[in-house]
Amino acid sequence: MNRRIATATVAFTLILAGCTAPMLFREDTSQKGELKLPGQWSGFDWMEKDLREGQAGDHMRYRNETAGKNVAFVPKKMNNSTLPENEHRRELVKYGRQLFANTSGMIPNKTGSSRMSCANCHGGGSLPSANGMVGQEITMIPLVGTAAGYPEWTGRTSRMRDMRQRIQGCFLRSMNTDPKNIPAYDSREIQAMESYLVWLAKGTPVQKVPYWRHIRKPEGSEEIPVPNINPVRGAKLYLENCASCHGKDGQGSKGQYPPLWGPDSYNDGAGMGRVYTAAGFIREAMPYGSPHQVSDWRDVQDIAGFVNGHDRPHLDRQNKDWSADGPPDEAVYYKRVQDRFGYNMNPMRKKLLMAGIPVGTEPLNKGDIPDNVRRYRNPLNETSINGTANTSSRVAIGATFSGSNQRRAS
């Protein structure tokens, strides 16, 4: 009798928290034997994880707004019925939305780049090209329900982090903000952004990680070993598929598309500086508004290699990342990865320099790309940039940008 009361209490609590009890119990009772809540429930199961696997993952069907039998992605409207009743909380949610939509415009003194905003990766925002409310575009990196995943463990800094610390990390890396200028943990800005994420999560199952949270990276036979990624071929694909928005110089257009490298882009410690992460994002989210036009895994990895062979701001604390086991192979801006594969610099950068392709903010022209791009599928770590035996000393992997464009990070 007591067990029945306890089970009913848990079910009632889940319903009050915004869950639909039938969905949760339909998933969890598929286990063998009797499920005893909460003792046998981790609370961090995926919602519709299979929508990211197999044919569904390959053909983007899991990104459809009605995907799944139990869980559908339905954007939330911001109005009196969805906003908190408390006026202070309500204003924080609204302010948080503005900050996500136009980060560099709203708080220029808190961002290292005058061109980057959260909406560049999470969709929506105030840009003319934006569709919908920031964080609610299923074809980008939606933020709906992601609050359920925090606090979380991050291997990069070997610690648990809560949602506010995650936001601060985005300022440090993706926005390339000087550490002294990052909004404080208890600042109104961080509280507002956290409030907006919590508001987006209202109505989704408690502590259930939504299937759209993570970028699907190449895995198994899809994954090209880093030394065999071909950024020179990626340059050709970039001109064909990306330059119309981001420009031949990779600097985008102010007020519309963000820079992909150079002094106003993310720094070399950011997540998008890893080639498999960037490849997954290119495949899932680009071009903006009509993604998955470049779906071949080799193509997107070569494009990601090209983008991440360029100069960008350096994160001073980068050598402290992944202190335990070292950076993953895809982190090509990290010296320990370069040493692992026998390079004296970023391997993507080296191949571009060998091919005579600019790695700064100079425009890329079709004539810059050599006729024979296939040779750059080879590691070439033992060959110097001028084609002789590799005896050159280490070249700095991060460009130093002078004047008003110089960005410091730690």
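Mentor: Buried means under 20% relative accessible area, exposed means over 50%, and partly exposed is in between. Keep in mind that this is a predicted model.

Trainee: Okay, what makes Trp 261 count as buried?

Mentor: Trp 261 has a relative accessible area of 1%, and the cut-off is under 20%, so Trp 261 is buried.

Trainee: And how do you know whether Phe 306 is buried or exposed?

Mentor: The relative accessibility of Phe 306 is 0%. Buried needs a value under 20%, so Phe 306 goes down as buried.

Trainee: Trp 261 and Phe 306 form an aromatic pair. Why is it called that, and which geometry does it have?

Mentor: Ring centres have to lie within 6.5 Å, and for Trp 261 and Phe 306 they are 5.5 Å apart. The planes make an angle of 85°, and over 60 degrees counts as edge-to-face, so this pair gets that label. In the whole model the count comes to 7 aromatic pairs.

Trainee: What makes you say that the pair links distant parts of the chain?

Mentor: Trp 261 is in the loop between helix H10 (243-246) and helix H11 (275-285), while Phe 306 belongs to helix H12 (residues 297-307). They are 45 residues apart.

Trainee: What does Phe 306 touch, leaving out residues up to four places away in sequence?

Mentor: Its contacts are Pro 231, Gly 234, Ala 235, Tyr 238, Trp 261, Leu 352, Ile 357 and Leu 364. Phe 306 is also among the residues with the most contacts inside the largest nonpolar core, together with Val 232, Tyr 238, Val 275 and Ile 357. That core has 44 residues. Helices H9 (231-241), H11, H12 and H14 (347-354) each supply at least two of its residues, and H11 gives the largest share, 7 residues. There is a second, separate core of 42 residues, including Val 93, Met 133, Met 163 and Tyr 211.

Trainee: On to the cysteines. How many disulfides does the count come to?

Mentor: 0 disulfides.

Trainee: What are Cys 242 and Cys 245 called, buried or partly exposed?

Mentor: Cys 242 has 14% relative accessibility, under the 20% limit, so it counts as buried. Cys 245 is at 25%, between 20% and 50%, so it counts as partly exposed.

Trainee: Which ring does the charged end of Arg 213 sit over, and how do you know?

Mentor: The ring of Tyr 150, with 5.0 Å to its centre; the distance limit is 6 Å. Lys 76 likewise lies over the face of Trp 199, 4.7 Å from the ring centre. Ring pairs link Trp 199 with Phe 100 and Tyr 196 into a cluster.

Trainee: What makes the link between the side chains of Arg 161 and Glu 152 a polar contact?

Mentor: The distance is 2.8 Å, and the limit for a polar contact is 3.5 Å. Arg 161 lies in strand S3 (residues 159-161). At 14% relative accessible area, against a limit of 20%, Arg 161 is buried.

Trainee: And where is Thr 204 found?

Mentor: In the loop between helix H8 (188-201) and strand S4 (209-210). Thr 204 has a relative accessible area of 17%, under 20%, so it is buried. A polar atom of the Thr 204 side chain lies 2.5 Å from the backbone oxygen of Ala 201.

Terms used
Residues numbered from 1 in each chain as written. Predicted model: local features only at pLDDT ≥ 70, side-chain atom pairs only at ≥ 80, totals over all residues. Heavy atoms only, no water. Disulfide = S-S within 2.5 Å. Buried < 20%, exposed > 50% of the residue type's maximum accessible area, 1.4 Å probe, protein only. Helix = DSSP H or I, 4+ residues; strand = E, 2+ residues; numbered from the N terminus. Polar contact = N/O pair within 3.5 Å; in protein donor to acceptor, adjacent residues only side chain to side chain. Phe/Tyr/Trp six-rings, centres within 6.5 Å; stacked < 30°, edge-to-face > 60°. Lys NZ or Arg CZ within 6 Å of the ring centre and 35° of its normal. Core = buried A, V, L, I, M, F, W, Y, C linked by side-chain atoms within 4.5 Å. Contact = heavy atoms within 4.5 Å.
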